[in-house]
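The entries follow the order in which I looked things up.

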Amino acid sequence: MNKNNTQTNSFSLSNDKVSATILLVPALIFCTIFIFIPAIGTIVGSFYSYSLTSMNNWKWVGFGNYIKATQDEYFWVALKNNFIIVFASIVLQVGVGTILAAILDRGIKYGRVIFRTIIFTPMVISSVAVSLIWLIIYDPNVGILNAIFKSIGLSTPSKGWLGDPNISIWMIMITAAWQNTGFMMVLILAGLQGVSKEVYDAAEIDGATGVKAFWYITLPMIRNVLIVAILITTIGAFKVFEFIFVFTQGGPSNATQVLGTYIYLQAFNLFHMGYANALSVILLLIALFLGWLQLKSSRKA
Amino acid sequence: MSRFKIANIIAYGFVTLFSIYVLMPILVMVLTTFKSKREIFLEPLGIPSQFGISSFEKALTVGLGSFMLNSFIVSFFAVFLIVTISGMAAYVLSRIDFKINKFVYLLIVAGFAIPPAAVLVPLYTMVSNLNLLNSLFGVIMPLTAFGIPFTVILFYAFFLDFPKEVEEAATIDGCTKLQIFFRIIVPLSGPVIASAAIFQTVWIWNEFLLALIMLTSDDFKTLPIGLLKLRGEWTSDWGAIMAGLTIAVIPVLIVFLIFQKYFVRSLAGLGK
């Protein structure tokens, strides 16, 4: 009897193994071929110098590409822009998203679904379409931003809203916030709705209401959701591509490059494949670090 | 009481202002479409005096219909593959105690962190060597791969909370894990499948970077890449550009408004 039992078990275990392998293998194949092998290829390729047109002329350069990056002014500009976008996005998207979520959660009685739907809408529009729509708003000849500024008697930038890099980086931020703040709002709103009524009742007895209660009681309670929101925003800020590709192409004179557009420029316009790979490895390391942070924080949650 | 009223006015005022900021560009897009060239230039803030459709006719000449069809094909197949493959893998990871499971899960989380821009050159070389540049298949495959990690994580969390009693009963009846997955788990996973499908459809419909490097021929361009053609073709003819955008954006907005509850739900689950 006992022996029989073990046999059934080992049979079903091997059966499980077959089923499990069949179910698991497709995902592994896809990720290996299109993510992990290219990731390794990026690392290997970063130690060579080669161009797109002469794929066979790989020349070993060691850390040459990385040394080149440290001496490349525009790489630092791109990295700096990425960080500016990270910080500004956290303030604009997570910050304003939290305020909007708080208002929709407990601040207003009517129209919650309508406001939520409107504010979330830009999320479903492709970033290219978003960029093209904002291009006409920023246009110096026909744009409504100029028209509004002129109608209230303010002066407009002489090189246009996208011509001066000190201004255009903020125009990119405004557009990114337009697209993503609603997403952050919905994410944080879901967290807020998980806070029970009793907590607010208890707070009220202690004399904490409104903004005070929100700051001292609600925010600490949705700490985990806020961390996820900040991480998603940070990861998104390193992936920024379309807005810059459409608005400025990284210009004038590379002042608005970010890592994504600079990698694209090096690889597909200048054909410096090895150098593009080295820049990609730097992006890869940043991305993996952020992914690790996210994993750690989600485990805590 | 009056303090309460002021707070209320501020709250409504803030969300109303933000809603105007969100709606204004969409309104500009639609209104510019109907304006004459003169009106676009002289009255940026005005409304069109008549509803002309000549801009739409111009916009359609760049081939928006074919771009949309390509986007539809790519989205349909990639989303189908992503949801199927991810659901299967997540089920194994959540149910069967393999020693390598933890490693596989970590690998998948790592895959989630890697952005396409970080593997751009080798991916392009690979697709090019396979002669799959300028083919929809050539973008569907990598897009599927990049959609899998996130979807596995989504399904994994769902399956962990899934009641195990039904499966145990089926195991006693002699079903294999494969049978259990397709006959019991899949039919009961409607909500998470819907969430995953919605999320991935939005992502793939709008994906830009991989499509940009792989699809250079007009016959195969997806909508986000095709939209750039509007600007190339109608450089300063804003009416035509905005008409093209209206054609591309309005159907998505209508789908969103119909299913907005599910969109919100699928994204809200991310923070949990």
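The entries below treat the domains and then the salt bridges.

**Entry 1: conventions.** I note that this is a predicted model, in which local features need pLDDT of at least 70, side-chain atom pairs count only at pLDDT 80 or more, and totals for chains, interfaces and linings use all residues. Residues are numbered from 1 along each chain as its sequence is written, chains are lettered from A and ligands numbered from 1 in the order in which they are written, and side-chain values use heavy atoms, with hydrogens and water left out.

**Entry 2: domains.** I looked up the domain assignment of chain B, which gives domain 1 (2-52) and domain 2 (62-271); such bounds come from an automatic or database assignment. The C-alpha centres of these two domains of chain B lie 34 Å apart.

**Entry 3: the interface.** I found seven residues of domain 1 of chain B in contact with 10 residues of domain 2 of chain B, where contact means heavy atoms within 4.5 Å. The area buried between the two domains of chain B is about 640 Å², and carbon and sulfur atoms give 82% of it. Buried area is the accessible area (1.4 Å probe) that two parts lose on being put together, summed over both.

**Entry 4: salt bridges.** I searched the whole structure and found four salt bridges over all chains. One of them joins B:R95 to B:E167, with the closest N and O atoms 2.9 Å apart. B:R95 lies in helix α4 (residues 64-95) of chain B and B:E167 in helix α8 (residues 165-172) of chain B, so the pair ties together parts that are 72 residues apart in sequence. Helices here are DSSP runs (H or I, at least four residues), numbered from the N terminus. I noted that B:R95 counts as buried at 14% relative accessibility, and that B:E167 counts as buried at 4%. Buried means under 20% relative accessible area, exposed over 50%, and partly exposed in between (1.4 Å probe, protein chains only).

**Entry 5: a network.** Which residues are linked with B:D218 in a network of salt bridges? I found B:K221 and B:K229. B:D218 pairs with B:K221 at 3.0 Å between the closest N and O atoms, and with B:K229 at 3.0 Å, N to O. B:D218 counts as partly exposed at 31% relative accessibility, whereas B:K221 counts as buried at 13%.

Note on methods: A salt bridge is a side-chain nitrogen of Lys or Arg within 4 Å of a carboxyl oxygen of Asp or Glu. Helices (H or I, at least four residues) and strands (E, at least two) are DSSP runs, numbered from the N terminus.
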